[in-house]
Amino acid sequence: MTRPEDRPAWHALDAHRDAMMDTTLSTLFDQDPGRFDALQGEAAGIFIDFSKNHLLRAAAGAQEDTHALLVQLAVESDVAAKRDAMFAGAIVNPTEHRPALHVALRAPRNADIRVDGENVVPEVHAVLDRVCTFSERVREGEWLGFTGKPITDVVNIGIGGSDLGPLMATEALAPFAHERLSMHYVSNVDGSHLVSVLKRVNPETTLFIVASKTFTTQETLTNARSARGWFLESKATDKDVARHFVAVSTNDEAVSEFGIDTDNMFGFWDWVGGRYSLWSSIGLSVALCIGPERYRQFLAGAHAMDRHFAEAPLESNLPVTLALLTVWYNNFLGCNSHLIAPYDQYLHRFPAYLQQLTMESNGKSVHVDGSRVDVETGPIVWGEPGTNGQHAYFQLLHQGTHVIPTDFIVPLESLNPLGEHHELLLANCFAQSEALMRGKSGDAVRAEMRDAGRSDAEIDALVGHRSFAGDRPSNTITVQRMDAAALGALIALYEHKVFVEAAIWDIAPFDQWGVELGKQLAKTVHSELSAGKTVSSHDASTNGLMNRAIKRRGLLA
């Protein structure tokens, strides 16, 4: 294995970084009228302006081209070969000895994608057809509850990828939601989450989706059992459970024991990772919300981005470009935080979704072969919608000591046209990216304050506070309108971006062993708390916290 930092392109980028440190974004724009046209790309309905990044262009007179050097790093990292292996069904999740074939879940019927020599696409479409048929029955009022009433509320019980993905997608596509059906999501084992949802629904007209591949996930099964108990406290009986609970799982026996008819169990495969499972039957709640036709458009949008990622040259490949920019800032410019700022209220859960996708995938400190990583890997990903963020955390973006690369995401056309609202939204989005890049110099502040009639003393006192360093990088991502196809393409864009980052860092993006230790310890701690006896088997802090909880909750035997 060649470590990332030992590759020739890595050394070239180190030297290039040192040579361009004093070149500001404003200078790059002032010297290069063609910069915007050169540093942009479009595919699958997604347009990206990445011109507001610290990239020198040889075509504009620079001795070296930053983007070309980054692409060379991708070439030396075998990104294309690793990408092709993933699409071919190779074992790209080595620690669990599995493929990672979420791309097969949105492939067309005539595709041929093989695992162990077998084309998985026909089985994928068989499950998809069942999801769509069931969704249509519920949406048309044909699926009735135990008192003969149609379903009005759907409660998805899952956690992690079984919750974040469907929740994000149904929120993002809320304008296309069925007029009768209300969607609810329960993930937290904190009973308050489930109770707050159950207060808003009627057992006679509520459908529960229990989403757990193994049907053993502690949080999900705890919530599901409590929901089942609540349901049976109504006029319902055990035989009625089958009309109100369906499962997304592969464990027939456990599903049947719960009381769910296995005919109403929607399966998927071990080569579907949790944070990529939205495209599988885990997306059942999305299909129920927006309907089979739009759900298939959602999958088609993702597939269009898959084709672009698989076929476009590295130098014009959108996921590759975004990944290379992350590597550039994370590993060469010391920017270890990345902001997702969607200027679309319906995308308010999108940053949280990308947080899991990125940080669970690339929050790794060993290479694929198990050796220690000596460079920075996955950045911290966070965000909230604009324009709200402008009145909250944007202060730190503009004048804080951290430089935080930002992705602005905005539809050009509103799904809810209302006066000048959308023009103001677009204006704020574009203005923020300009303000981060341009900043405001002390001289500009002085001139502005003098024009306003301020005294020299006032100017001297305030100029530092009103100056903006600028030179803060960003991408701006636009779609025509945030419909199902656009959302599918946008999600796939970031999925492939994360994969390319991992390929360059030589880490495994499809496992998540870091979450297992806490789960294991929680089982032990739970049994000891339930026993209600003084605990002494842990460290002093954990013992003290547990014993205090036992005593204060009146459990001490």
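Which residues of helix 13 are buried?

Reply: Quick ground rules: this is a predicted model, where local features need pLDDT of at least 70 and side-chain atom pairs count only at pLDDT 80 or more, while totals for chains, interfaces and linings use all residues. Residues are numbered from 1 along each chain as its sequence is written, and side-chain values use heavy atoms, with hydrogens and water left out.

On to helix 13. The buried set is Pro292, Tyr295, Phe298, Leu299, Gly301, Ala302, Met305, Asp306, His308, Phe309 and Ala310. Here buried is under 20% relative accessible area, exposed is over 50%, and partly exposed is in between (1.4 Å probe, protein chains only). Helices are DSSP runs of H or I with at least four residues, strands are E runs of at least two, and both are numbered from the N terminus. Helix 13 covers residues 292-311, 20 residues in total, and reaches 28 Å from its first C-alpha to its last. That's close to the 28 Å expected at 1.5 Å a residue, the expected span being 1.5 Å times one less than the number of residues.

Phe298 is the one I'd zoom in on. Leaving out residues up to four places away in sequence, Phe298 touches Ala169, Leu278, Trp279, Ala484, Ala485, Leu487, Gly488 and Ile491, with contact meaning heavy atoms within 4.5 Å. Phe298 also belongs to the largest nonpolar core, which has 126 residues; along with Trp271, Phe350, Leu487, Leu490, Leu493 and Tyr494, Phe298 touches the most other members. Helix 20 (residues 484-505) gives the most to this core, with 16 residues. A nonpolar core here is a set of buried Ala, Val, Leu, Ile, Met, Phe, Trp, Tyr and Cys residues joined through side-chain atoms within 4.5 Å. There's a second, separate core of 24 residues, and its members include Ile157, Ala247, Phe258 and Met265.
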